[in-house]
Amino acid sequence: MKEEVAFSEIRKLFTEYLKAHLHRKTPERYAILEEIYRRTDHFDAEALYIHMKNQNYRVSRATVYNTLELLVSCD
């Protein structure tokens, strides 16, 4: 329950950041955010991309890298 509230808040902050900087709010970006939030291990962008492809997410390598950059910018 507590994790759901925390993720909801994180998603809200990310949405506000995307709106403020005129970025599109795509399902792929939110899927990447959710996948990152679920992880408990260290990973790099390539490992995240491969994991998501193996889970049948329809994301490109560029989307993963660009979303990671947006998340870093968003803090």
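This is a predicted model: local features need pLDDT of at least 70, side-chain atom pairs count only at pLDDT 80 or more; totals for chains, interfaces and linings use all residues.

The axes of helix α2 (residues 27-38) and helix α4 (residues 61-74) cross at roughly 70° and come within 10 Å, the axes being lines fitted to C-alpha atoms over the stretch in contact, with angles running from 0 to 180 degrees between N-to-C directions. Helices here are DSSP runs (H or I, at least four residues) numbered from the N terminus.

From α2, Glu28, Arg29, Ile32, Leu33 and Ile36 meet Thr63, Val64, Thr67, Leu68, Leu70 and Leu71 of α4, where contact means heavy atoms within 4.5 Å. These residues divide into seven nonpolar, two polar and two charged.

## Thr67

Thr67, placed in helix α4, is buried with a relative accessible area of 0%; buried means under 20%, with a 1.4 Å probe and protein chains only. Beyond its neighbours within four places in sequence, Thr67 is in contact with Phe14, Arg29 and Ile32.

## Nonpolar core

The largest nonpolar core has nine residues, including Ala31, Ile32, Val64 and Leu68; such a core is a set of buried Ala, Val, Leu, Ile, Met, Phe, Trp, Tyr and Cys residues joined through side-chain atoms within 4.5 Å. At least two of its residues come from each of α2, α3 (45-54) and α4, and α3 supplies the largest share, four residues.

## Basis of the values

Residues are numbered from 1 along each chain as its sequence is written, and side-chain values use heavy atoms, leaving out hydrogens and water. Local features need pLDDT of at least 70 and side-chain atom pairs count only at pLDDT 80 or more, whereas totals for chains, interfaces and linings use all residues.

Terms used
Ala, Val, Leu, Ile, Met, Phe, Trp, Tyr, Cys and Pro count as nonpolar, Asp, Glu, Lys and Arg as charged, and the others, Gly among them, as polar. Buried means under 20% relative accessible area, exposed over 50%, partly exposed in between (1.4 Å probe, protein chains only).
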